[in-house]
Each structure stands twice: as structure tokens, then as C-alpha cells.
Amino acid sequence: MDAFLKRASSKSSSTPPKTLSLKEKPARVAEAHPRKKLKREERYKSDADSDECHIDTPPLRPQPTLERGDTLDGPADSDVAVESRAEDTQAPMPTAIESSLPEIQPDEHAIEEYERFKASQDNDTGGASARLDSRAWVRGKSSIYVDAFNLTLDTVLGEEAHLFDDKEKRVFEEWASLSYEAQFLYVRLFLRKTSSWHRIARLSYYDDVTDINAAVKELQGTRDLPREVSPEQPSPAPPSQSELDTFIQEQCVFENTFAFADASEDFIDNVEEAVSILGLDEVKSLAKEAKVQGKNKSDLARAICRMSSQQTGLLSMGLRRVNTDGSMSSSGQHTPDRPSPSPGSGDDGNRRKHFLDKILAMTGPCVRLSLPVFRLFERVHLVFYRSTEWTEKSLTTIILAKISKRNFPSYIVSRSSSIFASREKLLEFETAMRSEYKVDSILEFNGPVTESGLRKVVEIFATIYPRWKMILQEELEKEERVYESGEGAYLRRLSPGHAYTRIVHKAASALGRLKEHQREHTLLGELLSQRLFHLARRGSWYQRKALLEEHYMHALLPNPAYPDPERQKSHWKSIAAATCETALEDPDCHLKYHYDLQKRLVKLEKQLKIPVRLQHDFGHVRLKKPEEHYVEGVQLKKLDAVGKNKRGPSTKTIWADETEGEGEYSVESMCLSWYRDQGWKGYHAEGGIIRTLFAYLFFDILFIYVPNVFQTAYQTCPLDLHTDAFYPTRASEINHRLAEIANGVAPKLIEEIDRRERENRTCVVGLNWDYELQDLLELAECFDGAALATICKVMAQEYGQRGGGIPDLILWRTEPQKECMFAEVKSANDRLSDTQRLWIHVLTGAGLRVALCNAVAKEVREV
């Protein structure tokens, strides 16, 4: 294993910044943290690393974000349709490895700063690993991007070389023989994550590549590959192999030769492909010459392509000029038969060739990464990151984390080489991911879904269904005989069954929209019968199943249990009630679904006229409505305010805080000041303190040994924390800790961890060392133990999804009695989001006070 995966020695941390009191004004504390997260390259992949919705939820990092991070996900409504759609629409997400590393700023400034730590150009900087240890980057001779790319490749080949055949290994050997400049150019193009054409004249990497043309020529050179089949590859298995061919599709197909990049003169042979390389001004110029019009670049490009195809000369259509004089007198004579020119031949008729040559003259030589090699390196990154979601930031984050001066928790690094047992398993996983993407494309990427689209989803489901059932059986046997220490919950996310289960989930939704409710009900039953994949969806499956049983199933069965329609309805309502009971007793049904299931169960029992003494009573968990508080203040309005990038002014309101003197304050700060006047202590953190408390209380559980969740020595959390595998993998330890918290030991746990880790300011996800210990202990003492345990359980079950929506203000006081309260601040025309309502349900259900603090402008001043 490469050096960066080994245990790192303890690093000396820099001087700790000044600790800020929670009693200080929020604006002062906010200055100690980044006010805005870096935007990452957007690339959609639904449910790549999580099973629940991630709408507008910023990635959680070790330091608490003080900006709003509300999500739009929430508890399902009565028909669960909104929930199903919301769960499968997701904002771009970081990889599991990227999420587990400390907060860094991998922008050009940070990279240049780290590359200044370099040895003299005369020194031998060695390989990538050596440069990491010595921080020796030399511009024009080494690059953090190339080193990160090579570390990824070396790590995979060092432990999982069995996943690649002889031809692919030869490609890796040829890669190692490339010059630095060729490797640098390839990596920079590879990080664009698309195999598209690039104009060589516009590749501006002159600081690192002195001769672009030479580097391109080296990449475009043809190289030989071995012809014989690798003897290391297992021979095809007899009967089942033919069945698996449908689910194993090779994407990296190599012939006897290959090149790292393609040349435009060898591959561009049509106007459609060539015109896509041009810029807007060039397309306009070409359209003007062709006398075509369009509203935008796409319209103009299509018009040029149509014109080049249709407006051909007469000769190219097989027609010839003839002398028509005397045609009437010579009507009986025939024109001598001559071979007609083929379409496209001849200078007069070959407009396509004319425009193709003109476009290529405008673009100049172009280069494109060869698709088979591109896909091969994508596979390498899939194996390394255990995810298809990685970016340039992912590639450099590990290196930047390693060379940063930070202290990390102590844990056992474990990277298994048996996640993909064979090449066939890896190929099947890739194929399953592509099938999943096809379903997403139909349902989410191409506008309104048509009936034919829904039918196509059902067809894809029918194709994978038999294999899905086989994988369920295989994984069940592995769970009983192979997996240890709960590792199966995380490793199964890298099984084709994870993608197939999501396709089945999507197919059930499609069947519902097609009104095929009987098939949908059967499919939901099969999804609930397995406890291996997508456990976080079980609540929505129960909800939908109960709804079908209550409203539809009585009229669908060909042989009803009772001939009387009313008795048949009552029979299925009884089944629906039993489904709700089962869901509430299911430990894998998350708390967020309980409220709706309880409402449905109570309603069904009343409709069935069950005796009151036998009906369920959920009064002990009945949700309280949040308190309504009104805070008056002076609102400030700026004249001619202009937002960022010359857009309209921000919708955030600005207020004057009369108790703090002159200055501009946010609405949250103004309301927090009002609560202080009422005797409360508090902080505007939007969940920051909750995540800090969770990190304190579950510190040892976060870093307990679980195979494969700690793959580097520079992680702030296990790789499965942001997935639905975290809770079931450690259910025994988590439930024991929740019982301790409910019994009031939270302050003791916080004090122990603080005494051990504060001096080193250990990097742990969510933990902000700027909070004073005394404030945290006081807050923990004001919490009811059972209420704090409930909040921690929600965080343990859905850490990645429940970071947003926590009320703006957390408040506590010790007199006249110890109590804690959350307050969600709203100004005029501001409404609660679904995820905010969910957190209000959770907090009120736990017995905590929750207030809606309405900011009212008693005066509006123009400034």
C-alpha cells in the first residue's frame, strides 16, 4: 500500500486560535470560520453515496456552517408520491473519501501555496510518494495533479491488480513511460471528465508544458498491445456465465493497438461533430455565410448541419444539364445513359465537404482522449474511491490533507482488496450503474415523464429482476458466513444489488403512476422482505404499501376473500393497519416516518370501529405546535442595492439592533439579542452545536474498528457516516450510548473527550473547538436526557441528510429552571421548508420547546 495510506505520525498543530464564547455576538464568531463553502463542479448522480434526498444540502464538514443549509426533503404525505420524487432528486455530492477528510480549500491559490514547498530543482524528488513526504513539487517537472493521479493508480495496482487483464496492464506500463509533460496534459484533460475534442491552440498549460504540440503528439502515438489472452483470467463458468452476459458489459475494448489520444484529422468526418467545437462567434460567422438563422448556438449549429445536408448541387443529386432546344421534335430520342456522380462527389455539389474543411480550418488541429483508455482510467478511480462520483477536488483532497499540519483521530486503517472479488464482479457493478443511470435519465433528466418512458423503466426492471433475486440470496449467504464486524452494510453499497434495488424501487413508483397497483403492491412486499439494501427507504415503502392496502387492493384481486365489497374493504384496511404496526416496530424504519404512520394507524382503527381500549394511543408522542413569538425591530432598506454579479439585491433582511448600538445585523442576530434580554443564553448556529455535541458524545463510536471504512490515515469520520450503513453497522454500540445519554451522562462524556482531545484540536467531523467547554456542559445539562438521545439517534441514522433544517437559534437557561429551546426565525413572507417542519416534529416529539420567532418591522429606515 502506498505511503499515504499508512499511519501518519502525530503532527504538530499550529497555535490554536482564540476561543470564542457562545455569549458573544454571533457575527464575531462567524468571522472565525469560512462564511461560504466552495462550490464544486456540478455533476448529477442520484443516490451515489446515500439513500435519501440531498436537496440543496451543503456537504457537512468538520467545522459547523453558520450559513443556512436548509433542505427540501421531508416526511411523506398521504400518497408518498412527493416523498418518492424528493428522495431521488439530489444535489451533487462529494465522494465518501472526500467527505471524510478535513475541510480544505483545494483552489489554485492553495495548490500553488503547497507547491512552493519544493526542493531545489537539482535534487532528486523521487516518485509521487517521495514528493508527498518531502513536499517537493517543481513546476515543469512535477505536479500535484499528476502525483495524485499516479498515487491512485499505484494504490489500485498494488492491491487490486487482479481486476485488470494483460492489455490493460500494458496500457498502465505505457502510461508510466510517458514524459511528465504528456502525463500532465492527459491528467488535466482527464479531470474535465469528458472525452470531447479540445483545440490544441487553446490549451494554455505553458507553465508546466513547454511544448504542447510535442505532448499532444506523444499522446497520439500508436502503441502495440499483447495479442494473447491473459492466462490469469478465470475460465468462463459453465451454465451461469451465459446468463450473466446480459449483466456484464465490457466498456474498455482494446484491439491490437491503442493511443492515449485521438487526432481530429483522423476521426472528425462530419459537420455535426465539427461544428460542436466552434465558439458562439465562430458559429455566427459561419451561419452568416451559409445564410441560416437561429436563436442561439444550438439552433445555428442545427441549421448549418441541415443546410449542409440538404442544399446540395444538382450534380450531387444525379441530375445533368442538357440542351432543351428542339426537345419537342426529338421527344422520342433518349438521353444517352451515363453514370451519375455519387452524392457528395464533385466540387459543385459537395457542400458538406466544403463546410467541414472550413470548420476544421477555423479550429485547427484538435485532440480528444481515446475513449477506451479514458474509461479504463475511470474504472481505476471507481475502484480507488469506491464511487463513480469524484472530481478534481477529490483527486487533490487526499494530498492536501496529508501535507496539512493537522492532528487526526487514532484509528485502524483498513483497505480491503476483496471488495470486488473478480474482474467479472467489477464489470457487473459498472453495468448495474449504467442501468441505474438509464432509469434516472428517463425519470429525471429529460423533462416530463411520458407513459412510454414509464414502460421503459418497467422493461429495464423486468430485465434485472431475476439477477436481483439471485444477488439477494448471495448477499444473504455472505452476511451469514463471510462478513464480520458489521462490514457488510457498507460493502453491499458496492454490490450490483445496491443499484438493482434502487431500480426496483423506481419501478415500483413507475407501476404506481401507470395505475398497476397490484404489481406495485407485490413489489413493495418484496422490497420490504429484504434487509440488505436501501434500509433508509423502508419507511416510505411501508407508507406506500399501507396506502395501497387502504384504498386500492380491495378492488384489484380477482378472487376476493369476501364477496361483500364492504367486508372486503374492511379486510384490506385491517391489513393496512397491520402494515403500520409492523412499520412502527421495525428498527430500520426511521423516526421521520413514525408520525405519518401513527396518524394512518389511528385513522384506520377508528374506521374499523375497534374498541377504544384496544386502539393505539400515541398521545405521549403527539406533536406540539411550535410556540409563536413576535420580535419587533427596526428594518433597514438600502437604496439602489445591487447583489453579487450585478444581480438583484439579496432577499435577506437587514436590521438595526437597538440594544447593541449602531450597526447592521441579520434578523437572527436581532432576535437572539431579544432572547438574551429575556434571560436566555444562546447561539445562532443552525445545527452547528448539535453536530459538535454529536461528535463529542459519539467520538469513540465514530472511530471504532469497522473494516474498509478507514482507508486513509487522514479522515475525520468513517466513510459510511453519510450513508444508511452507519447506524445498522454499529447498532449495539449506538443504542448503548443512547441509553447512557438518556440517563444523563452527556456532560461527563463531553468532559472526558474535551480533556483528551482539545489540546491537539483533533480534526473530527462536525466538531468545532471554538465552542467553550463550559457553554457545552451547561447546554448538555439543560437538555432533557431522553430528548438529547432522540436527537442523537436521528443524527446517527441520517447524518448526511439531517444537517440542514435545524432551527436557527439554540437557547438555554438555568433559572428559574434548567431548560432548552430551539427557535426558527422568520421574517415577512418567509415560510418553513419541509425539512424544517421535520426537525420541528422531531424536537417537539422529544418534548423540547420549539418557537417560531416572527420578526416584525415596527419601523423601516432607508439607508
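Reader: Which residues do ring pairs link into a cluster?
Author: Ring pairs join Phe149, Phe164, Phe172, Trp175, Tyr186, Phe190, Phe254, Phe258, Phe260, Phe374 and Phe377 into a cluster. Rings of Phe, Tyr and Trp (its six-membered ring) pair if their centres lie within 6.5 Å; planes under 30 degrees apart are stacked, over 60 edge-to-face, and the rest tilted. This is a predicted model, where local features need pLDDT of at least 70, side-chain atom pairs count only at pLDDT 80 or more, and totals for chains, interfaces and linings use all residues. Residues are numbered from 1 along each chain as its sequence is written, and side-chain values use heavy atoms, leaving out hydrogens and water.

Reader: OK, how many aromatic pairs does that rule give?
Author: The count is 29 aromatic pairs.

Reader: And why is the pair of Trp175 and Tyr186 edge-to-face?
Author: Their ring centres are 5.4 Å apart and the planes sit at 70°, so the pair counts as edge-to-face.

Reader: Are those two buried or exposed?
Author: Both Trp175 and Tyr186 are buried (under 20% relative accessible area, with exposed over 50% and partly exposed in between, using a 1.4 Å probe and protein chains only).

Reader: What about Tyr186 and Phe377, what kind of pair is that?
Author: Tyr186 and Phe377 are edge-to-face too, 5.6 Å centre to centre with 65° between the planes. Both Tyr186 and Phe377 are buried.

Reader: Switching topic: which residue lies over the face of Tyr145?
Author: Arg188 does, at 4.0 Å from the ring centre. A charge sits over a ring if NZ of Lys or CZ of Arg is within 6 Å of the ring centre and within 35 degrees of the ring normal.

Reader: And over Phe267?
Author: That one is Arg368, 5.4 Å from the ring centre.
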